[in-house]
Structures are given as C-alpha cells and as structure tokens.
Amino acid sequence: MARKVGIIGLGHVGATVAHGLIAQGAFDDYVLIDTNEEKVAAEAMDFADAAANLFHHPNIIVNDYQALADADVVISTLGNIKLQDNPNADRFAELPFTAKEVPIVAQQLKAVGFKGILVVVSNPVDVVTSLYQKYTGLPKERVIGTGTLLDTARMKRAVAQHFTIDARSVQGYNLGEHGNSQFTAWSQVKVKGQEIATFLSAAELAVLEKAAITGGHTVFYAKKYTSYGIASATIRLVLAIVSDAHEELPVSHYYEPLETYLSYPAIVGRKGIIERVQLQLTRDEEEKLAASAHFIQEKFTESLAVKKE
C-alpha cells in the first residue's frame with residue numbers, strides 16, 4: 001500500500017519536514033496544506049523541480065483536505081513564528097493564534113474521517129496537542145506532540161560537546177513541558193557507560209542544563225526561526241510511527257498519572273503511543289515533573305477561553 005502523509009502549515013518547519021521526508025522517500029504521497037495558497041503552491045513547485053534529482057518519486061497534492069482521509073500520518077506545523085520575535089516572548093506567544101486555528105483544522109480532519117496518527121509540532125506544543133485531541137476526538141494514543149524530543153537532542157548536544165563525543169553516545173532525557181518548565185532528568189543521563197554524575201558536579205550539570213534549554217533561543221534570535229533541529233525530531237517520530245519501530249522516544253503524550261499531555265519516554269509505533277516507559281526518577285525530578293504538568297494544565301484551561309472569544 002502507498003504511504004501518505006499530510007503536512008498542515010508550510011512555513012520554515014513544515015517545508016523543512018516535507019523536504020526531509022521527500023528526499024529520503026519516506027512516503028509516496030504528500031498532502032501539503034497552507035492558508036497561504038501562493039506559498040504552498042511555490043513549495044510544491046520547488047519540490048517538483050527537485051524530483052529529477054531524487055531517487056524516489058513523490059506525488060504532491062496541494063490544499064486538499066479530502067486527500068487526508070486515508071493518510072497514515074498528519075503533521076501540524078501551523079503557527080505564526082513572528083509572534084515569538086520579542087525578547088520577552090516565549091512559545092506561548094503563539095497560543096492566541098494556534099488556539100483559534102486548531103479547532104478549524106480539527107473539524108476538517110473529522111469531516112474527512114481521518115483515522116491515522118496526528119503528530120503535533122505547533123507551539124506551545126503540549127497545550128496544542130491537548131487541544132487537537134479534544135477537538136478531533138481521536139484516541140489519546142493517536143495524538144502525539146514532538147515535545148522534548150528536540151530539547152533532549154539539545155541536551156545531548158551540550159553534553160556531547162563537553163565530553164567531545166558524538167551526541168548519539170549520550171543517553172537520557174529532558175522531560176515535562178517543551179518550554180520553560182522542562183528539566184533534564186540527570187538521574188537518567190549516561191555517558192561512557194556511567195551516570196553523568198560520576199564525572200560532573202551539580203553546578204556543572206546546571207550549566208549544561210541551561211545551555212540545553214537556551215540553545216533554541218540562540219538559534220531563534222539569530223535566524224528568527226528554528227528549523228533543522230525540530231524538523232529532524234519530527235521526521236524521526238514520523239518514521240518510528242510508519243515503520244512500526246516500537247522506538248523509545250521522549251515525546252508529548254497523555255501522561256495518566258498527572259492527567260495531562262507532557263513529555264515522558266514512550267514506545268512509539270504504527271498505533272501511536274504503545275506503552276509508557278516507567279522511569280525511576282528522584283524525588284526532586286518527580287516534583288519538577290508535577291510542577292510542569294500543573295503549568296501545562298493551567299495553560300490548557302486558558303487556551304479554551306481563547307477559543308470562545
């Protein structure tokens with residue numbers, strides 16, 4: 001059977017995700033949707049221009065929600081990144097925009113009978129993932145946010161640079177919100193086969209944690225957007241889904257113990273979230289996770305008010 005993916009929002013991130021998937025021939029059919037019809041048409045033409053130099057043939061479909069009816073995966077990258085271009089802004093600066101757009105997109109997905117996996121990248125991702133699940137009515141395990149998969153990569157980059165090793169040789173996670181209340185679960189981080197605390201003091205770990213969390217700001221304020229890091233995380237998640245990889249990933253999913261969407265390791269496959277991994281966190285880390293969950297819940301409640309305005 002042909003594999004099909006939909007990408008809603010062809011800005012910097014959506015276009016980069018589309019290019020990455022197309023370049024490696026991950027799907028047969030690509031449904032590209034954006035309210036900026038000129039932009040999405042231009043992206044489709046650009047991909048068509050690339051086709052002669054690719055090893056796989058992509059079928060490109062533009063602005064057709066009906067084509068998403070049998071999609072394996074739909075990726076939401078819609079947003080308004082310009083709202084974050086303020087030194088005092090954070091990912092929640094986009095919430096007034098995304099909170100109004102999500103119900104519209106969700107209704108379209110319901111109308112065509114989409115029953116695949118919904119992958120959410122749009123910020124603030126934990127709240128937006130919650131909104132998508134509420135408005136689409138899809139089972140919770142089939143609505144997944146990229147969450148701290150990106151933040152974990154940033155942590156691994158910071159740790160790897162410190163130890164002069166490859167980032168893929170660092171084990172561990174950032175957990176909680178994809179935002180300011182996230183934290184690195186140092187009890188889970190290992191390098192060179194040992195817990196990282198074997199090598200570094202608490203003060204040194206704090207410096208690395210800050211470097212990981214602020215890494216996105218460094219990229220954003222220089223480029224005015226981020227793209228490659230989040231696109232790579234999204235592609236990894238999507239490939240784990242369509243290949244039924246049963247891969248362990250720290251992604252935003254509904255975490256029953258704290259009754260909210262947040263990032264925590266889970267086994268991911270074709271059915272979405274297959275199983276939540278059980279970590280042995282320290283008491284301090286459990287408290288940080290609970291505080292992050294409470295923050296997300298508050299913002300989710302606020303977002304429902306935005307929809308009603």
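What follows is a short exchange on ring pairs and on charges over rings.

Modeller: This is a predicted model, in which local features need pLDDT of at least 70, side-chain atom pairs count only at pLDDT 80 or more, and totals for chains, interfaces and linings use all residues. Residues are numbered from 1 along each chain as its sequence is written, and side-chain values use heavy atoms, with hydrogens and water left out.

Biologist: How many aromatic pairs does a search of the whole structure find?

Modeller: Rings of Phe, Tyr and Trp (its six-membered ring) pair if their centres lie within 6.5 Å; planes under 30 degrees apart are stacked, over 60 edge-to-face, and the rest tilted. Searching the whole structure on that basis gives a count of six.

Biologist: Phe-92 and Phe-295 form an aromatic pair; what is the angle between the planes?

Modeller: The pair is edge-to-face, with centres 5.5 Å apart. Phe-92 lies in the loop between strand S4 (73-76) and helix H3 (95-112), and Phe-295 in helix H8 (residues 283-308), so the pair ties together parts 203 residues apart in sequence (helices, H or I of at least four residues, and strands, E of at least two, are DSSP runs numbered from the N terminus). The angle between the planes is 85°.

Biologist: Which charged residue sits over the ring of Tyr-264?

Modeller: Tyr-264 forms a tilted pair with Tyr-255, at 4.7 Å and 40°. A charge sits over a ring if NZ of Lys or CZ of Arg is within 6 Å of the ring centre and within 35 degrees of the ring normal. At 5.8 Å from the centre of Tyr-264, the residue is Arg-276.
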